[in-house]
Amino acid sequence: MLKGFKVIELYENASDSTVSITNKYFKFNSVTADELKRPSHVRFLIDTDTKRFAIEVCDADDRNAVKFPSPSGELAKRAVLNVTNKPAHEAIRRLMGWFDDKSYRVRGVSVPDSNAIIYNLTQAVAIVKRTASDDE
């Protein structure tokens with residue numbers, strides 16, 4: 001009866017983490033820091049075959065460590081976490097052919113066992129900037 005069916009792997013966990021990839025840097029929402037247990041540093045990983053990238057918690061002395069802002073208290077609820085990593089930023093925008101000034105938003109998938117979050121770039125949505133004339 002179930003011939004031909006394949007097991008659906010459940011390694012991915014729902015996540016409320018999002019990242020906006022602007023024309024200059026990454027903007028993570030504050031939930032990202034919570035899901036990674038407020039790290040001081042992360043490193044960026046990329047899978048060019050599947051067009052995904054990940055951030056993974058690492059030690060400050062890791063060769064590829066990038067400072068990750070993790071505010072606490074009231075700031076944590078509203079914070080936008082700006083992260084600059086020029087090599088990762090350029091690699092992602094080049095991979096996706098994003099040569100314009102648009103920003104793109106992607107929802108993450110938490111991988112708690114690896115203390116990481118994966119972002120599937122093929123699911124990115126262009127952010128439309130609203131202007132005052134849009135409200136008229």
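Me: Is Thr32 buried or exposed in this structure?
Reply: The model is a predicted one. A residue is called buried when its relative accessible area is under 20%. The relative accessibility of Thr32 is 0%, and Thr32 therefore counts as buried.

Me: In which element is Thr32 found, and which residues is Thr32 in contact with once neighbours within four places in sequence are left aside?
Reply: Thr32 belongs to helix H1, which covers residues 30-35. With those neighbours left aside, the contacts of Thr32 are Ser17, Thr18, Ile55, Phe68, Ile117 and Tyr119.

Me: How many helices and strands does the chain have, and what pattern does the chain follow along the sequence?
Reply: The chain is made up of 3 helices and 9 strands. Taken in sequence order, these elements give the pattern β-β-α-β-β-β-α-β-α-β-β-β.

Me: What percentage of the residues in the chain is buried?
Reply: The chain has 136 residues. Thr32, with a relative accessibility of 0%, is one of the buried residues.

Me: Among contacts with a separation of 6 or more, what percentage joins residues 24 or more positions apart?
Reply: The pair Thr32 and Ile117 is one example of a contact in this chain. Among contacts with a separation of 6 or more, residues 24 or more positions apart account for 60%.

Me: Which residues does Phe44 touch, not counting residues up to four places away in sequence?
Reply: Phe44 is one of the core residues that touch the most other members. With residues up to four places away not counted, Phe44 touches Phe26, Phe28, Phe53, Ala54, Ile55, Val66, Val83, Asn85 and Ala88.

Me: Why does Ile46 count as partly exposed?
Reply: Ile46 is found in strand E3, and touches residues including Arg52, Phe53, Ala91, Ile92 and Leu95. The partly exposed class lies between buried, under 20%, and exposed, over 50%. Ile46 falls in that class because its relative accessibility is 42%.

Me: What distance separates the C-alpha atoms of Ile46 and Ala88?
Reply: These two residues are 42 positions apart along the chain. The separation of their C-alpha atoms is 8.1 Å.

Me: What is the volume of the largest pocket, and which residues are closest to its centre?
Reply: The space in the largest pocket is about 180 Å³. Its lining has 14 residues, and those closest to the centre are Ser20, Thr22, Lys27, Arg105 and Ile127.

Me: How many nonpolar, polar and charged residues does the lining of the largest pocket have?
Reply: At least two lining residues come from each of strand E1 (18-21), strand E2 (26-29) and strand E7 (103-111). By class, the lining is divided into 4 nonpolar, 6 polar and 4 charged residues.

Me: With which side chain does the side chain of Ser20 make a polar contact?
Reply: Ser20 has its place in strand E1 and is buried, since its relative accessible area is 8%. Beyond its neighbours within four places in sequence, Ser20 is in contact with Tyr25, Phe26, Lys27, Tyr104, Arg105 and Ile127. The polar contact, at 3.4 Å, is with the side chain of Arg105.

Me: What distance separates the C-alpha atoms of Asn82 and Pro69?
Reply: Asn82 is found in strand E6 (residues 80-83) and is partly exposed, with a relative accessible area of 42%. Not counting residues up to four places away in sequence, Asn82 touches Tyr25, Phe26, Lys27 and Pro69. Asn82 and Pro69 are 13 residues apart along the chain, and their C-alpha atoms are separated by 7.5 Å.

Me: What is the phi of Lys37?
Reply: Lys37 lies in the loop between H1 and E3 and is exposed, with a relative accessible area of 63%. Lys37 is not a glycine, yet its phi is positive, at about 65°.

Me: Where does Asn115 lie?
Reply: Asn115 is a residue other than glycine with a positive phi, near 50°. Its relative accessibility is 23%, so Asn115 counts as partly exposed. Asn115 lies in the loop between E7 and E8.

Definitions and conventions. Residues numbered from 1 in each chain as written. Predicted model: local features only at pLDDT ≥ 70, side-chain atom pairs only at ≥ 80, totals over all residues. Heavy atoms only, no water. 1 Å grid on protein atoms, 1.4 Å probe; cavity = no way out; pocket = protein on both sides within 12 Å on 5 of 7 lines; lining within 4 Å. Points joined across faces, edges and corners; volume = space filled by probe spheres on them. Helix = DSSP H or I, 4+ residues; strand = E, 2+ residues; numbered from the N terminus. Nonpolar A, V, L, I, M, F, W, Y, C, P; charged D, E, K, R; others polar. Buried < 20%, exposed > 50% of the residue type's maximum accessible area, 1.4 Å probe, protein only. Polar contact = N/O pair within 3.5 Å; in protein donor to acceptor, adjacent residues only side chain to side chain. Contact = heavy atoms within 4.5 Å. Core = buried A, V, L, I, M, F, W, Y, C linked by side-chain atoms within 4.5 Å.
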